[in-house]
Amino acid sequence: MILETQNLVKSFGGLTAVDDVNLRIQEGELASIIGPNGAGKTTLFNLLTGHLPLDSGRVIFQGRDITGLPPHAISRMGIGRSFQRLNIFPRLSAFDNVQVAVFSAQRQSRNLFSRASKLARRETEAILDSVGLLDKKGVKGGLLAHGDQKRLEMGIALAVEPNLLLLDEPTQGMSPRESAEITRLIQKLVKEKGLTLIFVEHDMNVVFGISDNIKVLHQGRIIFEGKPEEVKNNEEVQRIYLGEEKDAWSSR
Amino acid sequence: MKGLARAFHSHRLALRLALLVLLLILPFILKESWVSLANEMLIMALAGCALNIMLGYTGMVSFGPAGLYAVGAYATAILLTRYHSSFIIALIGAPILAGIAGVIVGWFCVRRSATYFALLTLAFSQIIWTIIFEWYDFTGGDNGIVSIPIPEFFFTISHCYYFTLAVVGACVLLLWTIIQSPFGKTLQAIRENPGRTEFIAIPLKRYQLAAFVLSSVFLGVAGSLYCVFSGSVFPDYAHWVKSTDMLVICLLGGFYNFTGPIVGSFVYILLSKIIAKQTMFWMFFLGAIIVFLVLFMRNGIVGFLADKFSPVTDPAPGSGKDGGGR
């Protein structure tokens, strides 16, 4: 098991955003977390990566207790993430966006006297290639199209060489065609790099298409988990989605 | 315009060489008072570049660089007058002491970001100013320290100028190297998106502190050079007005370009001398210049020129819709 959480709790004022969550993620698994808006999905990610402090509970990653560690330490241990809202370095070129992360992975960030432009070129280009941005490496991150910025963000996350990658709505705001491309890209990366992946997604085609395992979060609690078929046929899950997002199943 | 741009780029090396030659022969072609002005420009160029490590490259707006500049100036002055140390020690001591002051001040300041960071830097520079102003026995208080035993060699303005040119040149080259390094790239990533860097395993606060200390060290060098140049130090060096000078120098030249503060220093000091000679309302004109820059030339002179003369049609940072609003 690569990641285990024990009784995670996080409240904001009177609202319990994450309520007694126990996750168990196997190595190499492609797990997804679904749930209506406000179910606590992003909060859960923020707890796993140290972005928010826990109220109670523990997070175990590769057998080590990482509860309460700061984000940079957790990132160093091998948990990478991408964000729901675009989170890149807008005025650096696509190349530099990825290269900075490669430097960090190679522990070169403290190097004050070598020329950055001569270092880690091959590694950076390999990552840009794997996310399909090699031909746009000179373009400023902020000037890339939305879909390409999402790819770039994934590139930044991959550059740190994570064992576990958390993707927060990787296809958000994309056309169906782009979304299908990203889905293929995710599958390819997981296979090639032996990654374990947890992703939050609203697009049910993506979720049912690639997940090994789906966890359904509702009002901060995991109400059901299982294989795509089991989730599809579960009445409670259907009720939540039919109740709150009437066409979640049919139109997506 | 395009042809001019191409000509400019193809003759870059020649232009740089010409500039270097000009700097080297300056004392032979200009009157002493102008050499002295050039000396001041060089020192402020270094201070501006040092501040710009934080401002332009790490995205940390500091209102208190003068405090650390003054630590450098007073370190040299006090080492020479009170401890009768050798000139070399007094020079090397300045960046070291400014760096130590930078560690202490920076440790507190990087705990907050944006406006709060800026206010903390202002507060600390005022604390440094107050210490200098009130500690008569040690710093000379508002009398400052005058007739500092600078080696006689520096009494000749051209000697002093060459010395300043060499030190500033070496420091600027060093800063340039650092900016081009993986560390420098990482600082720029922090400027662009500090929160994101933590998720690529960068301990953000530590890097911000490193930028702060680096900036302090070079501000210390600039302060020390000014002490050598003027032979005296005053509490004014730590005053927020001095910090404003440094900020305007960066703003004027453009803080997204490495050469911005250098050009800024040249133009600013020249303007201040010319305008101050003609009228008593220098501060009025200074205010007008700042308003103009912020409203119409946010990337400063160098940013503006780079926009006009760049052969690539890449929008300058901060001018596009993605940029600026920090």
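In which helix of chain B is the place of B:Pro182? The place of B:Pro182 is in helix α9 of chain B, residues 182–192, where helices (H or I, at least four residues) are DSSP runs numbered from the N terminus. This is a predicted model, in which local features need pLDDT of at least 70 and side-chain atom pairs count only at pLDDT 80 or more, whereas totals for chains, interfaces and linings use all residues. Residues are numbered from 1 along each chain as its sequence is written, and chains are lettered from A and ligands numbered from 1 in the order in which they are written.

- B:Pro182 is buried, because 25 other C-beta atoms lie within 10 Å; a residue counts as buried if 20 or more other C-beta atoms lie within 10 Å of its own, with C-beta atoms placed from the backbone.
- Leaving aside residues up to four places away in sequence, B:Pro182 touches A:Phe103, A:Gln108, A:Ser109, A:Asn111, A:Ser114, A:Ala116 and A:Leu119, contact being defined by C-beta atoms, placed from the backbone, that lie within 7 Å.
- Chain A gives 32 residues to the contact and chain B gives 24 residues.
- On the side of chain A that touches chain B, α2 (71–77) and α3 (94–105) each supply at least two residues, and the largest share, six residues, comes from α3(A).
- That side of chain A divides into 15 nonpolar, eleven polar and six charged residues, where Ala, Val, Leu, Ile, Met, Phe, Trp, Tyr, Cys and Pro count as nonpolar, Asp, Glu, Lys and Arg as charged, and the others, Gly among them, as polar.

- The domain assignment of chain A gives domain 1 (1–78 + 162–252) and domain 2 (88–161), with bounds that come from an automatic or database domain assignment.
- The C-alpha centres of these two domains of chain A lie 26 Å apart, and their contact takes ten residues from domain 1 and eleven residues from domain 2.
- On the side of domain 1 that touches domain 2 in chain A, α6(A) gives the most, with four residues, and by class this side has seven nonpolar, two polar and one charged residues.
- A:Ile186 has its place in helix α6 of chain A, residues 176–193, and is buried, with 23 other C-beta atoms within 10 Å.
- A:Ile186 touches A:Pro170, A:Leu197 and A:Ile210, not counting residues up to four places away in sequence.

**Helix packing in chain B**

- Helix α3 (residues 32–58) and helix α13 (residues 260–278) of chain B pack at an angle of about 135°, with their axes 8 Å apart; axes are lines fitted to C-alpha atoms, for helices over the stretch in contact, and angles run from 0 to 180 degrees between N-to-C directions.
- The residues of the contact of α3(B) with α13(B) include B:Leu37, B:Met41 and B:Met44 of α3(B) and B:Ile262, B:Phe266 and B:Ile269 of α13(B), and they divide into nine nonpolar, six polar and two charged.
- The axes of helix α5 (residues 87–109) and helix α6 (residues 114–134) of chain B come within 9 Å and cross at roughly 145°.
- The contact of these two helices is made by B:Val105, B:Phe108 and B:Cys109 of α5(B) and B:Phe117, B:Leu120, B:Thr121 and B:Phe124 of α6(B), which divide into six nonpolar, one polar and no charged.

Notes. A residue is buried if 20 or more other C-beta atoms lie within 10 Å of its own, exposed if 12 or fewer, and partly exposed in between; C-beta atoms are placed from the backbone.
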